[in-house]
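Here are my notebook entries from a walk through this structure. Have the coordinates open beside you and follow along.

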Amino acid sequence: MNLQLEPTWKAYLEEEFKKPYFENLTGFVKNEYLEHSCYPPGKQIFSAFEWCPIEKTKVVIIGQDPYHGPKQANGLCFSVTDGIAHPPSLINIFKEIETDLGVPYPISGNLERWAQQGVLLLNATLTVRAHEAGSHQNKGWETFTDQVIKTISEQKENVVFLLWGGYAKKKIKLIDQSKHHVLTSGHPSPLSANRGYWFGNKHFSKTNSLLETIGQEPIEW
């Protein structure tokens, strides 16, 4: 596992790498990648941090774990590699953006363009075994990514956290709501969206309004 974390993140998270849980996690992940097909590719495990340094982070979207199909996951939650068909949740995200902001549905499902603007696309679990959803959960990744959320909460102000679905909403306890903004809704997955818990949340226009209120550039969704 490549631990060459982006320098600004490394300054805050280096102590995590030294803890017993992370040493165990590293061993587990290395073994999984040796013995099984796993995603994302090893060099992209920490892509969310590479594309979005902490000092540039102004929005955080929390996912659960990476896509587990071939060539889908690229280290950013909900994002897929260029040229890959959009998964159902991503389709619903783009549909909501379309109705909320009037932005045309995009060809590419690669969300690096969001990350470059300061959107941290953070999965709670950063790796997964091929075709086995949730297979790397409860191995230590959640301890690490919870610390990431706490670090953002402690070190920054006026970050907009988007918590979609029950799993992400549980992370609210890690966020100081007196200095940050939290928007919650149902998950964009078809199961939730088709029951009326996703469409119409207007999280993308609301996020931009919050950013503009504090003098930040809005996100080009």
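**Entry 1: a histidine in a loop**

I began with histidine 86, which lies in the loop between strand 2 and helix 4 (88-101). A reminder to myself: this is a predicted model, and every value I note here is computed from it.

Is histidine 86 buried or exposed? I found histidine 86 buried, with a relative accessible area of 15%, and the cut-off for that word is under 20%. Next I looked for what its side chain reaches, and I found the backbone nitrogen of glycine 109 at 3.2 Å. I then listed the contacts of histidine 86, setting aside neighbours within four places in sequence: Val80, Ile91, Phe94, Tyr105, Pro106, Ile107, Ser108 and Gly109. Glycine 109 therefore turns up both in the contact list and as the residue whose backbone nitrogen the histidine 86 side chain reaches, with histidine 86 itself buried at 15%.

I moved on to strand 5, residues 160-164. How many of its residues are buried? I counted 5 of the 5, so strand 5 is largely enclosed by the rest of the structure.

I checked the two faces separately. In a regular strand, side chains alternate between the two faces of the sheet. Here Val160, Leu162 and Trp164 lie on one side and Phe161 and Leu163 on the other, and both faces are covered.

Which strands pair with strand 5? Strand 2 (residues 59-63) pairs with strand 5 in the parallel sense over 3 bridges. Within that pairing, I noted valine 160 as the bridge partner of valine 59. Strand 6 (residues 181-185) also pairs with strand 5 in the parallel sense, over 5 bridges. There I found phenylalanine 161 opposite valine 182.

Most residues other than glycine have a negative phi, and most peptide bonds are trans.

Where is there a cis peptide bond? I found one joining tyrosine 39 and proline 40, with omega about -5 degrees. Proline 40 sits in the loop between strand 1 (38-39) and helix 3 (47-51).

I also noted two positive phi values. Asparagine 138 is not a glycine, yet its phi is about 60 degrees. I placed asparagine 138 in the loop between strand 4 (128-129) and helix 6 (141-155), and it is exposed, with a relative accessible area of 69%. Lysine 202, also not a glycine, has a phi of about 55 degrees. Its loop runs between helix 8 (190-193) and helix 9 (203-213), and lysine 202 is partly exposed at 41%.

**Entry 2: salt bridges**

How many salt bridges does a search of the whole structure find? I got 6, and I wrote up some of them.

Glutamate 14 and lysine 10 meet through their side chains at 4.0 Å, N to O. Both lie in helix 1 (residues 7-17), 4 residues apart, about one turn of the helix. Glutamate 14 is partly exposed at 34%, and lysine 10 is partly exposed at 28%.

Glutamate 15 forms a salt bridge with lysine 18, with the closest N and O atoms 3.2 Å apart. I noted both glutamate 15 and lysine 18 as exposed.

Glutamate 132 and arginine 129 form another salt bridge, at 3.5 Å from N to O. Shared partners join Glu32, Arg129 and Glu132 into one network of salt bridges. For glutamate 132 I also recorded a relative accessible area of 36%, which is partly exposed.

Note on methods. Residues numbered from 1 in each chain as written. Predicted model: local features only at pLDDT ≥ 70, side-chain atom pairs only at ≥ 80, totals over all residues. Heavy atoms only, no water. Buried < 20%, exposed > 50% of the residue type's maximum accessible area, 1.4 Å probe, protein only. Pairing = 2+ DSSP bridges. Polar contact = N/O pair within 3.5 Å; in protein donor to acceptor, adjacent residues only side chain to side chain. Contact = heavy atoms within 4.5 Å.
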